[in-house]
Amino acid sequence: MNPLSTRICKRRVPQRPPPDPHQSPSVSRRRSSRIESRQHSVSIPHILGLYYESQGPLKERPTDPQTSQPVRATSYTLVPTSNPIDVSVPSITQLQEYPSPSQTYNHQTRKRRPDRSIETGAPKRARLTTENLKAFEKPSYSETKPTRSKQSTSMTDIAFPDTAFQNGILNPICSKPPVNLKSRQERINKSRSTASPSESDYQHFASAIRRTPNDASVLVETATHLLKRYDDPGYQRSYNQAFTSFPKNIGFNNDLSAAQPDMVEGLDMPEFDPFLIREQLGGAATVYSGPQATNLPHLAGEWKGPGKNMISAQTQAGYDGACMIYGRNEARSFLESPDPAGHAFISTFTTDGTTLNIFDHYSSESQGQVKYHQYPTSNSFLISTYEDFKKIRRQLRNLEDDAKEASEKLRDELNEKWCANHRSPVSPNVPVEAGNSIDSNNHDYDDDEDPNN
């Protein structure tokens with residue numbers, strides 16, 4: 001008995017039955033569409049896989065510009081047989097004769113309408129209505145596209161030192177010493193008439209600094225033991241106040257946030273009377289808003305906590321100094337009397353409680369570019385010895401006195417110039433009342449005040 005072999009019988013697809021005259025037209029149309037979709041899908045027998053693999057990949061048939069005609073599909077069924085049958089395998093040429101449909105249709109999937117959203121957030125296509133056509137014909141009033149403003153770099157940003165240097169704020173390494181460096185060093189190192197702190201004060205300060213956990217604690221301890229307290233109500237000290245009224249993008253502060261020194265000392269606005277400092281000099285002199293705002297400061301300080309980066313405090317102090325230099329230059333320009341070239345009148349200091357660094361600031365101009373210098377004047381340790389503590393305290397208080405003196409001198413010059421320019425002429429026929437006469441040689445002094453001081 002011969003073993004069973006595979007026999008392939010060719011079975012034809014049933015022909016389309018004639019239309020039933022009694023059937024409804026809608027049912028007939030649905031059936032005709034299903035039959036047409038079946039005719040577009042061609043079934044090619046994939047048998048004897050080794051034969052096709054040996055023939056290699058088929059060459060791509062050139063695209064026929066004419067529309068492909070539907071062909072009759074043929075299916076194959078495997079049936080058992082006792083005798084082997086020769087199978088004729090279609091050649092590559094015969095396979096290439098099959099028309100390749102340009103698009104495969106599937107009656108199970110449908111295309112969505114283009115005006116429907118498929119949970120993708122895509123905007124819907126506008127319909128051709130009268131209202132939409134009128135809205136489309138309206139002219140657009142925005143001539144330019146809105147541009148996103150560049151965000152300014154804060155003083156705590158890692159890119160702040162590089163941006164400040166590119167704007168002309170030089171670091172201490174690149175800065176040149178001021179012309180009056182020697183005289184300024186002599187002023188801060190001169191002896192004071194007040195009593196020096198006791199050794200117990202030094203021990204208390206050193207113990208407190210070694211236990212400070214953050215920047216604020218260092219600031220409180222150093223301000224209490226080192227800085228001077230002025231009884232003058234017109235000269236104040238401000239902590240952590242940003243220069244919100246300072247003009248932006250004027251060169252050295254391009255793309256930088258407003259300066260915000262940890263401490264700044266200056267005169268109140270009522271001290272500038274009758275000179276209208278805010279109206280005449282703007283935010284360059286009155287660095288923040290308010291009736292008691294600090295005006296034309298000449299001294300600023302930056303603090304850092306234990307283990308913090310003192311280079312960052314140094315860069316921030318350089319930025320503070322540039323702002324104060326700009327304000328002083330604006331005031332000198334109003335007076336039409338600029339400062340001597342290369343002379344420093346602005347000072348800053350940085351400290352972390354263990355060391356204190358003092359810097360002098362001034363500006364120079366070369367080939368139309370302004371540079372702001374920050375030159376170190378003194379560097380000392382605070383808690384190493386009792387003598388170092390006394391030395392730093394003396395230097396810092398002399399620095400405060402020097403800044404206060406420079407601020408008051410500039411204030412007096414501004415007030416005098418304003419009075420000279422706005423003095424109203426008095427008619428010689430107007431008598432002067434005797435009660436309003438002032439004797440310039442008559443001054444009353446307190447017993448404890450020296451008039452020659």
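Strand E6 is largely enclosed by the rest of the structure, because 6 of its 6 residues are buried. This description concerns a predicted model. Within it, E6 belongs to an open sheet of 6 strands with mixed pairing, and helix H6 packs on that sheet. The points below cover the sheet, the helices packed on it, the nonpolar cores and several backbone features.

**The sheet and strand E6**

- The strand order of the open sheet is E3-E4-E5-E6-E7-E8.
- Strand E3 (235-239) and strand E8 (369-381) are the edge strands, each pairing on one side only.
- On average, and with direction ignored, neighbouring strands of this sheet are turned by 25 degrees against each other.
- From E6, the side chains of Ile346, Thr348 and Thr350 point one way, while Ser347, Phe349 and Thr351 point the other way; all of these residues are buried.
- The pairing of E5 with E6 is parallel and extends over 5 bridges, and Trp303 stands opposite Thr351 of E6.
- Strand E7 (residues 355-366) pairs with E8 in the antiparallel sense, over 12 bridges; Val370 in E8 is the bridge partner of Glu365.

**Helices packed on the sheet**

- Helix H6 (residues 181-189) touches strand E6 (346-351), E7 and E8, and its direction makes about 35 degrees with that of E8.
- Helix H8 lies across E3 and strand E5 (295-303), running at about 120 degrees to E5.

**The H7–H8 pair**

- Helix H7 (residues 199-210) and helix H8 (residues 215-225) have axes that come within 10 Å and cross at roughly 170 degrees.
- H7 is therefore roughly antiparallel to H8, since angles over 145 degrees count as such.
- On the H7 side, the contact is made by Asp201, His204, Phe205, Ala208 and Ile209; on the H8 side, by Val218, Glu221, Thr222 and His225.
- Sorted by class, this contact of H7 with H8 comprises 4 nonpolar, 3 polar and 2 charged residues.

**Nonpolar cores**

- The largest nonpolar core has 39 residues, of which Ile277, Leu296, Phe349, Leu356 and Leu414 touch the most other members.
- At least two residues of this core are supplied by each of H7, H8, strand E4 (263-267), helix H9 (277-281), E5, E7 and helix H11 (386-421).
- H11 provides the largest share of the core, with 9 residues.
- Leaving aside residues up to four places away in sequence, Leu414 touches Phe272, Phe275, Leu281, Leu296, Ala331, Phe334 and Leu335.
- A second, separate core contains 23 residues, including Phe160, Leu256, Ala300 and Ile346.

**Backbone features in loops**

- Asp273 and Pro274 are joined by a cis peptide bond with omega of about 20 degrees; Pro274 is found in the loop between E4 and H9.
- Asp255, located in the loop between E3 and E4, has a positive phi near 60 degrees although this residue is not a glycine.
- With a relative accessible area of 32%, Asp255 is partly exposed.
- Glu336 is likewise a non-glycine residue with a positive phi, of about 60 degrees, and lies in the loop between helix H10 (310-334) and E6.
- The relative accessibility of Glu336 is 67%, so this residue counts as exposed.

Key:
Residues are numbered from 1 along each chain as its sequence is written. This is a predicted model: local features need pLDDT of at least 70, side-chain atom pairs count only at pLDDT 80 or more; totals for chains, interfaces and linings use all residues. Side-chain values use heavy atoms; hydrogens and water are left out. Axes are lines fitted to C-alpha atoms, for helices over the stretch in contact, and angles run from 0 to 180 degrees between N-to-C directions. Helices (H or I, at least four residues) and strands (E, at least two) are DSSP runs, numbered from the N terminus. Angles under 35 degrees count as roughly parallel, over 145 as roughly antiparallel, 65 to 115 as roughly perpendicular and the rest as oblique. Contact means heavy atoms within 4.5 Å. Ala, Val, Leu, Ile, Met, Phe, Trp, Tyr, Cys and Pro count as nonpolar, Asp, Glu, Lys and Arg as charged, and the others, Gly among them, as polar. Two strands pair if DSSP finds at least two bridges between them. A nonpolar core is a set of buried Ala, Val, Leu, Ile, Met, Phe, Trp, Tyr and Cys residues joined through side-chain atoms within 4.5 Å. Buried means under 20% relative accessible area, exposed over 50%, partly exposed in between (1.4 Å probe, protein chains only).
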